[in-house]
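Please find below a briefing on a protein structure, arranged by topic. The sequence and the coordinates are displayed first, and the notes come after them.

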Amino acid sequence: MLIAFHKPYGIISQFTSDGSKHGTLASFNLPRDVYPLGRLDADSEGLLLLTNESALNRDLLLPVHRHPRTYHAQVEGIPSQEDMTLLQNGTLIIQEHVVLPCNAQLIQNPMHQERIPSIRKRVHIPDTWLELTLYEGKNRQVRKMTAAIGHPTLRLIRVAIGKFLLKDLEPGAWKELDHKERLLVFERS
Amino acid sequence: MSYVFANQRYHDLHGSEGRFHAVLGRLVQKGSFENTTLIIPTGRRQRMLDRMITREMFALHKKPVPDIPMYTLEQFAKHVYSLIIPKGTYRIISDPYRNMLFEEAMVNVDLPFYRGLGTTLSRQTIDKCAEVLYGLRKDGILSSTLNSEVRSANPKDIHGIHDIARISDLSTILHEYEQILEREYLLDYPALLGLITQAIIEQPQSIRRYGTIIMDGFSEFTEPEWLFLDALERSETAFACFLEYDPENGPLFGNFDQTFGKLGNTGFKPHKMDFSEGVSEPLHNHLRHYLFSGKRPQAKPEFAQPFTILECINPQSEVDAIARYVRWIHSTQNIPLSDIVIAMRNPEQYSGLFREIFPLHGLPVNITDRPKLHTSPVIIAMFLLFDIIRHSCRIEDIRTILMNPYISLPGVKTTHELLQSFDEIIRTMRIKGGKGLKEWERSFNSFSLMLSRRLMNETMQIRPNGDVITRIEKKIEEVKQVSGVIKTLQELLIEEHTPCNPEEAINTMKSIIDKSGIVSYLEVLSKHQHQQVLVDIHQTSSELIERDVRAMRAFFLLLDEYKQLRMHRNPNIKASFKEHLERIVSIVHGSQFQIREKPGTGITVTSMEQIRELEYSTIILCGMHEGSSPLAYTADMFMGRELPDSEERHIRRERMSFYLSLVHHAPSNRPRTFLLTYPALSSDLHDLMRSHFLDELMLVTGMNAEEDICKQSFMNDERTPFLRYLTSKEEYIDVMMKQQHNLDHLVYKQIEKWTTSEQIKRKHAPTAIIPDKRHSFSITELNEYARCHYQYFAKRILRFAEEETSTMWMSALENGLFFHHVLHQFYTSPLFPINDRYVLKPLSMNPDKRDVYRGELFRIAEREFRMIDFQHPFMDIERQTIFGNPEKGIKGRLDMWFDMEWKNMQQSQYKPALFEISFGNKGDTIPAIDLGKGLFLKGKIDRIELSDDASSFVIADYKTGKNVPGNADINKGKEQQMPLYALAAQKFLQSEYGLEQCTPHHAVYYSLHNCTSKIVMDPEQKRSVALTPEELLPLSQNYVASIHAGDFELKAKKDQDCEHCSFMTLCRIHAIPPIRGEVGPDEEGT
């Protein structure tokens, strides 16, 4: 069983509390035998896969497989072309780790549902949406990357794993993937 | 090699009885533990020995087994205290209470280094100081010692004190702490040991009743413990301490050599026992001799045989592999689960994973960790409530309370809508929080009052606007809901400054917890669990409930201890409730709670320390990577410099921990197997390095890293059949499906049917309805259509909401509403005659009463401003902008507007006559005006000015923004307001007011931004390009016709028109060719 779950903001990617004030996956009536494949930080939202098939862990998480994950990041300010090049080329060094090249582009507001609590917008500073496709998943990588180019992330949503898209799955909702959708998850290019 | 350190009395009584287990064996044979007391390092070992001795004694003697006098060192000290110190003299304090006393000491004294210029210390500083100072006390260091070190500090001495200011502060705190203990007759553990040590020295016969005292399993002692042992050695009681120590490899792990030397110095006579004095396993001896020696000794093949080393993908996969291994050996080798132990250096890293993943494989798990109390979800929930008091009601605290599953506030039903309303209201009201519940209440009252007045104003209108009324009513309902939450919190909680004694404070806290529904939530969960009803909690609910209940019990015990000790100390002194809370926070931060061991149920998961000297047939050590086992060494610089040998001592301790988890000293022939695992990647996919302890183990047991480390990713490895072991029927089905491809399609078809398609229904399905022929258009609608047909379609037909932006300043809408209300009230005030619908007269101002008019205008404006005066930092600036600041010579907008109005009144032939005339809206008495060709107009005219003879009129509109339209915009049809309002006004002045001959003359915009007026459509203007309303009407009529015809085609536009459009993501403007004359970047040069 492979489940796509739209993790809302403020929820940790586990079923038991980690000692913080964040909520857990236990509140979403998920099937009793599934476990998250990878993690999504409490302050990030979007697509989280859960499964009861342990082999999927290896297929999706091993860095050698370079499995793509796509994020929408709302950042403060408007990144310049040079900033975008820095993101794309994989030249950023974050905590002694040179990040791999990724696909990064500016996008129009993707019209995601309003977050609760809403992000802290600054009236006189514009914000921009970026779409980033990463092939690795270090801790808070997207946030660190956008911060490194001087545009801190205000909101981060994972919108796709492989070619499987979050689409209109509402925050807090989940669905079991059918055969075709499973294939999309594992598609890489 | 074993040693026994014993006093003369022990040697006299027992001679050389051999190693600890041989002594135990003889006691079991004798069938009595009378006159013998055992002291063991851990509770777990105590329980295990107790079970083992009980079983063996019953098997031998077939009679009830008496209680075995067995203690940990701390339990023994407390027992001795209860025996030899008169009751009621002192009170022993718990660890958390000790932390609170340290905090109290820090509050009492002057700390130039830590406190600096501030008044408060951070929680981290308090905790760290308490930890360091207690560490010093455990090592027998007193404040006097520290103080003399500070006084004699020599900066040139590299081993001396360098950070004098810091150590001086620490010394002051320690001195104050010692004073509190002494003053209040309180004892912490070092003080307890000191007290009984002194008592034993003074009365050596006082502990005779314990008979022979035997200690085993210890490797290190603190300074007060040394002194205690020294006292025992000198007492009249036989005392022996067994030490498993081999001087050959002593320096390699543990701090045996130091212990050995110190024991020798205290007067004990060491007696060396060789292996013949007890059975010992060859592997055990081999490891004791060579582990960590760096040598590759001649190893027998059977030394490597019990070990399997497995490299896993990440911690999650590691736990999954361990679960399969456990299921596999349990099923294939019939090893009972209680005979398997999983140990790790740092259980906090893994306990969560074991709790969650083991139940997925149908494995009961028996985790005995000691989580920190303040990390328990139920304690977090309780402190969320207290945080409202502590932090004066911050926004995030209220939001978290609403979202917390444990808390159910009386009369408040938390829904998604309530959270949305909460967010919306605080944004609209710009509440910052953190100023107390009363401030929230004040803000809500002010906002509610303003809304009610607006509602009243709106309903009192001759022609009230139904839409506006509905919106205000909805807002009022939302405010009511959210202020209900605040009221409930106000009733539930107590004012932070309320003075109370400890008993009253604790009773209040308990009452708050009781009323917050936390206890009843746990009761409901527990009830559901008993009835095996599926509740909204994951697989380990029973353990979660246990965890919560234990945390809660520990918390209530702490509250009771606080109450008793504080009441004992100062029953009459009252402190603020917040002060009591801060003390409780301090106590809770320093305490842990225990998830109890459940012997015989499930597989034990615990720390490496807890399995020392325990006999399990299968030992699984997980997390064997650098940083976890051994734990990473971090130099503790808190004392200003690194303590000598601390790194060496750290690594020896780590080695000891690893060594003791591999061996045990009890004689046994049972074979043991070991699975040693480590993750190659951390949870966030960082590379991890295999522990060098594993390399050391491989070196001495003849294993090879290249060949002997199995990898989880190689599923077909013959040495790891357990990785392929399937633990649930779902896995079997899955594997079967993969093997029989023909089944795939059918089965997946079935699965597709089960998937929850309902969940992906669109919430806001678009309803494409083209306005009917009788639809009344507002000016905004028509202007929107004129600006962009597609935007009109998205907003009016698809009904997508526009993106809202919030600002800390007064919004344009608020500004507009404010001025509209003020001006409307001004002209309808008693200073002016009442205009009724039959006798319409232009209003004028008496030239002699300028100040009266100005005063009335300002009075109205002040009243209106109070209604919107929320808690936001820019409000003073807004006030200054509107009312001005005579002290700074700043003229306000209101004054500027009044000057302009006064001038107009004196000079213009047109005077204001009608205000806020609404027509065509729901509830209006004037219906929509039919302007022909399907154009029915609705709207609200800000003001109509009449000529003295009522033969012509002027449409006036207030503009709050900077941009005021001109004739060009009107002629192009971008701004249709003035011509259409002029035509509409002409019609209703005829029909409603009987002004048959009254015609529009021109229109005027009054800018409230810079208080200027701009005339448009004036036929008398020089070089006028103004068209008449009649000439402009066909433009609007054509728009209406296009809308009715469904023409929403996207037209090419200039980029700047789209820059701030909310519908850009829907729109395909960039996909269509650029407008003529412009060349896009892609077409350049073609």
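Predicted model: local features only at pLDDT ≥ 70, side-chain atom pairs only at ≥ 80, totals over all residues.

Residues are numbered from 1 along each chain as its sequence is written, chains are lettered from A and ligands numbered from 1 in the order in which they are written, and side-chain values use heavy atoms, with hydrogens and water left out.

**Chain B overall**
- Chain B contains 40 helices and 27 strands, taken as DSSP runs (helices: H or I, at least four residues; strands: E, at least two) and numbered from the N terminus.
- Of its 1086 residues, 52% count as buried, a term that denotes under 20% relative accessible area, with exposed meaning over 50% and partly exposed in between (1.4 Å probe, protein chains only).
- Where contacts (heavy atoms within 4.5 Å) in chain B link residues at least 6 apart in sequence, 77% join residues at least 24 apart.
- Chain B has an accessible surface of about 51600 Å², with 51% of it belonging to carbon and sulfur atoms; the area comes from the Shrake-Rupley method with a 1.4 Å probe.

**Strand S9 of chain A and its partners**
- Strand S9(A), residues 153–161, is mostly covered, with nine of its nine residues buried.
- Strands count as paired if DSSP finds at least two bridges between them.
- S3(A) (residues 45–51) runs parallel to S9(A) and is joined to it by two bridges, with Gly46(A) opposite Arg158(A).
- S4(A) (residues 69–76) pairs with S9(A) in the antiparallel sense over seven bridges, and Arg69(A) has Ile161(A) as its bridge partner.
- S10(A) (residues 164–165) is antiparallel to S9(A), with two bridges; Ala160(A) is partnered by Leu165(A).
- In the hairpin of S9(A) and S10(A), two residues lie between the strands, and Gly162(A) in the turn has a positive phi of about 65°.

**Glu53 of chain A**
- Glu53(A) is located in the loop between S3 and helix H1 (54–61) of chain A.
- Glu53(A) counts as buried because its relative accessibility is 7%.
- Its side chain reaches the backbone nitrogen of Met1(A) at 2.5 Å.

**Strand S26 of chain B**
- S26(B) (residues 999–1007) is largely enclosed by the rest of the structure, because seven of its nine residues are buried.
- S25(B) (residues 952–959) pairs with S26(B) in the parallel sense over eight bridges.

How values were computed:
Polar contact = N/O pair within 3.5 Å; in protein donor to acceptor, adjacent residues only side chain to side chain.
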